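Please work through the exercises below with the sequence and coordinates at hand. Each task is followed by a worked solution.

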Amino acid sequence: MLSCREVVDHADAYLAGELSRRQRFAAKLHLLMCRHCRRYVRQFNSLIKATPFMHSKASDEEVAKIMERIDRRNSKPGSDV
Amino acid sequence: MHNNQLTLLKNGDQTLFAALVRDHHRALIALATPIVGVSEAEEVVQNAWVKAHRAIAGFEGKARVRTWLSRIVINEAKMQLRARKKEVLFADFGDENLTEDALADRFNHSGGWQHPPANWHVDSPDALLMGSDLKDCLDRLLNKIPTNQRAILEMRDTSELPFEEICNTLSVSASNARVVLHRARTQLFKLVDHYQETGEC
C-alpha cells in the first residue's frame with residue numbers, strides 16, 4: 001500500500017500517464033480510499049492546467065514598443081536584428 | 001487560435017500580431033530570465049519578436065503558438081549566451097538540494113497527511129492564479145526558487161515544450177528534469193494552498 005507521501009511524489013507521473021500499470025493500480029487503490037490525496041491530485045492537476053495563464057498580459061506601452069521595433073526593422077531591409 | 005485568425009496572422013495582420021505580443025510577451029520574458037538573467041531577458045525577447053514577425057508566415061499551427069514563440073526565444077537566448085561567451089546556462093544548475101521538498105513538513109513519520117491540503121475554490125483553471133494578490137505572492141516565489149526550477153517550470157508548464165527538448169536544451173537527464181519540475185510544482189502548490197487557506201502569501 002502506498003503512503004500519502006508516495007502518492008504526492010508520484011502525482012506528476014500519475015497525471016502524465018507515465019506510471020507503470022502496477023504503479024498506476026497502486027495509486028488508484030490509494031486514491032479510492034484517501035480523500036486528502038484525491039483532493040491533492042485534483043487540485044495539483046488544476047494548478048498544472050492554470051500555470052500557462054500565470055503571467056499577466058503586456059501593457060499597451062510594452063506592446064507599442066515591440067511593434068515600433070518591428071516597424072523599424074522592416075523599414076530597413078536586410079538589417080539583422 | 002482559430003484557423004481564420006491564423007490565416008490573417010500569417011498574411012501580416014498587424015492588429016492580430018499586436019494581440020499576440022500582448023498575450024505572450026510577459027510569459028516569454030519569464031522564460032528568458034532564468035536563462036540569460038533579468039537584465040538581458042527584455043533584449044532577447046524583443047529580438048525574438050522581430051524574428052517571430054518575419055517567420056510567422058511559415059508557422060504551420062502544429063504546435064501551440066506559445067510553444068512556437070518559446071522556441072524562438074530560447075534560440076535567441078542561446079545566441080546571446082554564445083555572444084557573451086557564456087557556456088553555462090545557470091550558475092546554480094545541478095544544486096537541486098537548494099530547496100527541500102516543499103511539502104515535506106505536511107506529512108507525519110509514516111507518510112500520512114499531518115496537514116492535508118485546503119479545499120480550493122477553483123472557478124476555472126485559467127482563473128486559479130489570476131488574483132492580483134496571489135500574483136504578487138507568485139512573482140515573489142518565482143524570483144526566489146532556484147534558477148533551474150524556474151527554467152524547467154516555465155519551459156514545461158507555461159511554454160509546454162516536450163521533456164526531450166528541455167533536456168537537450170539544458171543538457172540534463174530526464175530524471176533530473178522531472179525531479180526539478182516536481183519541486184517547482186510543489187512549491188507552487190504550497191503557495192496556492194496557503195493562499196487559499198489564509199488569503200496571504
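Predicted model: local features only at pLDDT ≥ 70, side-chain atom pairs only at ≥ 80, totals over all residues.

**Exercise 1.** Determine how the axes of helix H2 (residues 14-36) and helix H3 (residues 38-55) of chain B are related.

*Solution.* Step 1: the two axes come within 8 Å and cross at roughly 140°. Step 2: angles over 145 degrees count as roughly antiparallel and those from 65 to 115 as roughly perpendicular, the values left between these ranges being oblique. H2(B) and H3(B) are therefore oblique to each other. Step 3: the crossing of H2(B) past H3(B) is right-handed. Step 4: on the H2(B) side, the contact includes B:Phe17, B:Val21, B:Leu28 and B:Val36, while H3(B) contributes, among others, B:Val38, B:Val44, B:Trp49 and B:His53. Sorted by class, this contact holds 12 nonpolar, 3 polar and 2 charged residues.

**Exercise 2.** State which residues of H3(B) are buried and identify what they pack against.

*Solution.* Step 1: H3(B) has 18 residues, and its first and last C-alpha atoms are 26 Å apart, close to the 26 Å expected at 1.5 Å a residue. Step 2: the buried residues are B:Ala41, B:Val44, B:Val45, B:Asn47, B:Ala48, B:Trp49, B:Val50, B:Ala52 and B:His53. Step 3: these buried residues pack against H2 and helix H4 (65-83) of chain B, together with H5 of chain A.

**Exercise 3.** Describe the side of chain A that touches chain B, and examine the helix that gives the largest share of its residues.

*Solution.* Step 1: 32 residues of chain A are in contact with 43 residues of chain B. Step 2: helix H1 (4-9), helix H4 (35-50) and helix H5 (60-74) of chain A each give two or more residues to the chain A side. The largest share, 10 residues, comes from H4(A). Step 3: by class, the chain A side divides into 16 nonpolar, 7 polar and 9 charged residues. Step 4: within H4(A), the buried residues include A:Cys37, A:Tyr40, A:Phe44 and A:Leu47. Their cover includes H1, helix H2 (11-15) and helix H3 (21-33) of chain A, as well as helix H6 (147-158) and helix H8 (174-198) of chain B.

**Exercise 4.** Is B:Pro117 buried or exposed, and which residues does B:Pro117 touch?

*Solution.* Step 1: B:Pro117 lies in the loop between H4 and helix H5 (132-144) of chain B. Step 2: 23 other C-beta atoms lie within 10 Å, and the criterion for burial is 20 or more. B:Pro117 is therefore buried. Step 3: leaving out residues up to four places away in sequence, B:Pro117 touches A:His36, A:Arg39, A:Tyr40, A:Gln43 and B:Asp193.

Conventions:
Residues numbered from 1 in each chain as written. Chains lettered and ligands numbered in written order. Axes fitted to C-alpha atoms, helices over the stretch in contact; angles between N-to-C directions. Helix = DSSP H or I, 4+ residues; strand = E, 2+ residues; numbered from the N terminus. Parallel < 35°, antiparallel > 145°, perpendicular 65-115°, else oblique. Left-handed = near helix turned anticlockwise from the far one by under 90°. Contact = placed C-beta atoms within 7 Å. Nonpolar A, V, L, I, M, F, W, Y, C, P; charged D, E, K, R; others polar. Expected span 1.5 Å × (residues − 1). Buried ≥ 20, exposed ≤ 12 C-beta atoms within 10 Å, placed from the backbone.
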